[in-house]
Amino acid sequence: MVDMKKLRQKAGLRAEEVAAQIGVAHSSIRNWEQGRTIPKLRVDQVALLCRIYGCSIEDLEQAVKESV
């Protein structure tokens, strides 16, 4: 199973890079990856995150569940 951190690493990106691209604090990315918080994003941010990570919405949803 793939969690949020593995999705990001698979894309070859640092948390700071992802945060800058989708318009959130890099601490948010870290919190998602460590299961402290669940992403609360606008639809356009979710779509962008999927494109950045090269995954489907279903893959992203499963990664969030794996991270919690």
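**View 1. I38 in the loop between helix 3 and helix 4.** I38 sits in the loop that joins helix 3 to helix 4; helices here are DSSP runs of H or I with at least four residues, numbered from the N terminus. The model is predicted: local features need pLDDT of at least 70, and side-chain atom pairs count only at pLDDT 80 or more, while totals for chains, interfaces and linings use all residues. Residue numbers start from 1 along each chain as its sequence is written, and side-chain values use heavy atoms, with hydrogens and water left out. I38 is partly exposed at a relative accessible area of 47% (buried means under 20%, exposed over 50%, partly exposed in between, with a 1.4 Å probe and protein chains only). Not counting residues up to four places away in sequence, I38 touches W32, V64 and V68; contact means heavy atoms within 4.5 Å. From I38 to L13 the separation is 25 residues in sequence and 20 Å in space, C-alpha to C-alpha.

**View 2. Packing of helix 2 on helix 3.** Helix 2 (residues 15–22) packs against helix 3 (residues 26–33) at an angle of about 115 degrees, and their axes are 8 Å apart. Axes are lines fitted to C-alpha atoms, for helices over the stretch in contact, and angles run from 0 to 180 degrees between N-to-C directions. Helix 2 contributes A15, E16, V18, A19 and I22, which meet H26, I29, R30 and W32 of helix 3. By class, this contact of helix 2 with helix 3 holds six nonpolar, one polar and two charged residues. Ala, Val, Leu, Ile, Met, Phe, Trp, Tyr, Cys and Pro count as nonpolar, Asp, Glu, Lys and Arg as charged, and the others, Gly among them, as polar.

**View 3. Packing of helix 2 on helix 4.** The axes of helix 2 and helix 4 (residues 43–53) cross at roughly 140 degrees and come within 10 Å. Helix 2 is therefore oblique to helix 4 (under 35 degrees is roughly parallel, over 145 roughly antiparallel, 65 to 115 roughly perpendicular, and the rest oblique). The crossing of helix 2 and helix 4 is right-handed. V18, Q21 and I22 of helix 2 make the contact with Q45, L48, L49, I52 and Y53 of helix 4. The residues in the contact of helix 2 with helix 4 are six nonpolar and two polar, with no charged ones.

**View 4. A15 and R8.** A15 belongs to helix 2 and is buried, at 1% relative accessibility. Beyond its neighbours within four places in sequence, A15 is in contact with R8, H26, I29 and R30. A15 and W32 lie 17 residues apart in sequence and 10 Å apart in space, C-alpha to C-alpha. R8 is in helix 1 (residues 4–10) and is also buried, with a relative accessible area of 6%. Leaving aside neighbours within four places in sequence, the contacts of R8 are L13, R14, A15, V18, I29, R30, E33 and Y53.

**View 5. The cysteines C50 and C55.** The whole structure contains zero disulfides, a disulfide being a pair of cysteine sulfur atoms within 2.5 Å. C50 is in no disulfide, and its nearest cysteine sulfur, that of C55, is 4.3 Å away. C55 is likewise in no disulfide. C50 is buried, with a relative accessible area of 10%, and C55 is buried at 12%.

Notes
Helices (H or I, at least four residues) and strands (E, at least two) are DSSP runs, numbered from the N terminus. A crossing is left-handed if the near helix is turned anticlockwise from the far one by less than a right angle, and right-handed if clockwise.
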